[in-house]
Amino acid sequence: RGFSSHDVGVSALAILAFTGTGHTHLFGEYPEFVETVRKAAMWLKGIQVTSPDDPQRGRFGPRVDSHWIYDQALAAMAVGELLVLSGDTIGFSKCVELAAEFCLNAQNPGLGWRYGFRTGDNDTSVTGWMVLALKSCSAAGLARPERARFLRAFRGALAWFNRATDPELGLTGYQSPERTAQGRVLTMTSVGILCRVFSGERRSSPVILSGVEAIVQHLPAWEEGERAGARIINLYHWYYATYALFQVGG
């Protein structure tokens, strides 16, 4: 059943699975999928804080867990994708605008994000999801927040990834540079590569190429049967490594 405190994030991930196959709340190959997305999207929209007097305006659902910021990023990413694919500006432009505003306001000035709202602390994991969220929201072509705010946010994210990455090895850590790839699952390095690309860094930059080389040399292994129980199959790494290598290309 999972944890009810993360219904927002899990529902957003489910929406993204449907949008990934071309389904939105308005159209798609399978009507039952369209209805599923419609109900999920309306639920997210319905629990978003919209009062202009609320300092948490734009947040999805209550802050009942210390990791709520993950749910917020995923929800913003999901509604952004829905708006981009459907073009439903009447139904979702305000929702996406408020979600993006919240994500932008939660960023530590000039750097990244972590658990909370401008806490002064940063980590690569939360920052990665926020970059993906803002990438989706910015693709929706919103009038507000202004494009300049998105660009500043991406520059701040790049500043954090530079701080958390070994410049020679291209390895990114959770809160400090990763110094070795030997025997490591390079999840944060994958996050760093993908988000560098999405934040505007050249795919041919030395730090990206070094990180890609490390990932390719330490590909994840999927083992089934008796040995599977002895390993943790890191789906987080599979997601980001696949996404990063696809974006880099080649």
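# Close-up views of a predicted model

View A. Ser 204 sits in the loop that links α7 (187-198) to α8. The model is predicted. Ser 204 is partly exposed, at a relative accessible area of 44%. Glu 168 is 36 residues away along the chain, and its C-alpha atom is 15 Å from that of Ser 204.

**View B. Helix α8 against helix α9.** Helix α8 covers residues 206-217 and helix α9 covers residues 235-248. Their axes come within 11 Å and cross at roughly 130 degrees. That angle makes α8 oblique to α9. The crossing of α8 past α9 is left-handed. On the α8 side, the contact is made by Ile 208, Val 212, Ile 215 and Val 216. On the α9 side, it is made by Ala 241, Leu 245 and Val 248. By class, this contact of α8 with α9 has seven nonpolar residues, no polar ones and no charged ones. Residues three or four places apart on an α-helix point the same way, because the helix has 3.6 residues a turn.

**View C. Phe 246 on helix α9.** Phe 246 belongs to helix α9. Is Phe 246 exposed or buried? Its relative accessibility is 65%, so Phe 246 counts as exposed. Leu 194 is 52 residues from Phe 246 in sequence. In space the two are 9.0 Å apart, C-alpha to C-alpha.

**View D. Helix α1 packed on helix α2.** Helix α1 runs over residues 7-19, and helix α2 over residues 31-46. The two pack at an angle of about 145 degrees. Their axes are 10 Å apart. The crossing of α1 and α2 is left-handed. From α1, the contact takes in Asp 7, Val 8, Ser 11, Ile 15 and Phe 18. From α2, it takes in Phe 33, Thr 36, Val 37, Ala 40, Ala 41, Trp 43 and Leu 44. By class, the contact of α1 with α2 has nine nonpolar, two polar and one charged residues.

**View E. Phe 18 and its contacts.** Phe 18 lies in helix α1. Which residues does Phe 18 contact, leaving aside neighbours within four places in sequence? They are His 23, Phe 33, Thr 36 and Val 37. Phe 33, Thr 36 and Val 37 are also among the α2 residues of the contact with α1. Phe 18 has a relative accessible area of 21% and is partly exposed. Buried means under 20%, so Phe 18 at 21% falls in the partly exposed class.

**View F. Pro 31 on helix α2.** Pro 31 is part of helix α2. With a relative accessible area of 61%, Pro 31 is exposed. Pro 31 and Thr 172 are 141 residues apart in sequence. Their C-alpha atoms are 43 Å apart in space.

View G. Helix α3 takes up residues 68-86, 19 residues in total. From first C-alpha to last, α3 reaches 27 Å. That is close to the 27 Å expected at 1.5 Å a residue. How many of the 19 residues of α3 are buried? The count is 16, so α3 is largely enclosed by the rest of the structure. Just after α3 comes Gly 87, with a positive phi of about 70 degrees.

View H. Arg 118 is placed in the loop between α4 (89-106) and α5. Its phi is near 50 degrees, a positive value in a residue other than glycine. Arg 118 is partly exposed, at 47% relative accessibility.

**View I. Helix α5 against helix α6.** Helix α5 covers residues 124-139 and helix α6 covers residues 147-163. The axes come within 11 Å and cross at roughly 155 degrees. An angle over 145 degrees counts as roughly antiparallel, so α5 and α6 are roughly antiparallel to each other. α5 passes α6 in a left-handed crossing. The α5 residues are Thr 124, Thr 127, Gly 128, Val 131, Leu 134, Lys 135, Cys 137 and Ser 138. They meet Phe 150, Ala 153, Phe 154, Ala 157, Trp 160 and Phe 161 of α6. By class, the contact of α5 with α6 has nine nonpolar, four polar and one charged residues.

Notes
Residues numbered from 1 in each chain as written. Predicted model: local features only at pLDDT ≥ 70, side-chain atom pairs only at ≥ 80, totals over all residues. Heavy atoms only, no water. Axes fitted to C-alpha atoms, helices over the stretch in contact; angles between N-to-C directions. Helix = DSSP H or I, 4+ residues; strand = E, 2+ residues; numbered from the N terminus. Parallel < 35°, antiparallel > 145°, perpendicular 65-115°, else oblique. Left-handed = near helix turned anticlockwise from the far one by under 90°. Contact = heavy atoms within 4.5 Å. Nonpolar A, V, L, I, M, F, W, Y, C, P; charged D, E, K, R; others polar. Buried < 20%, exposed > 50% of the residue type's maximum accessible area, 1.4 Å probe, protein only. Expected span 1.5 Å × (residues − 1).
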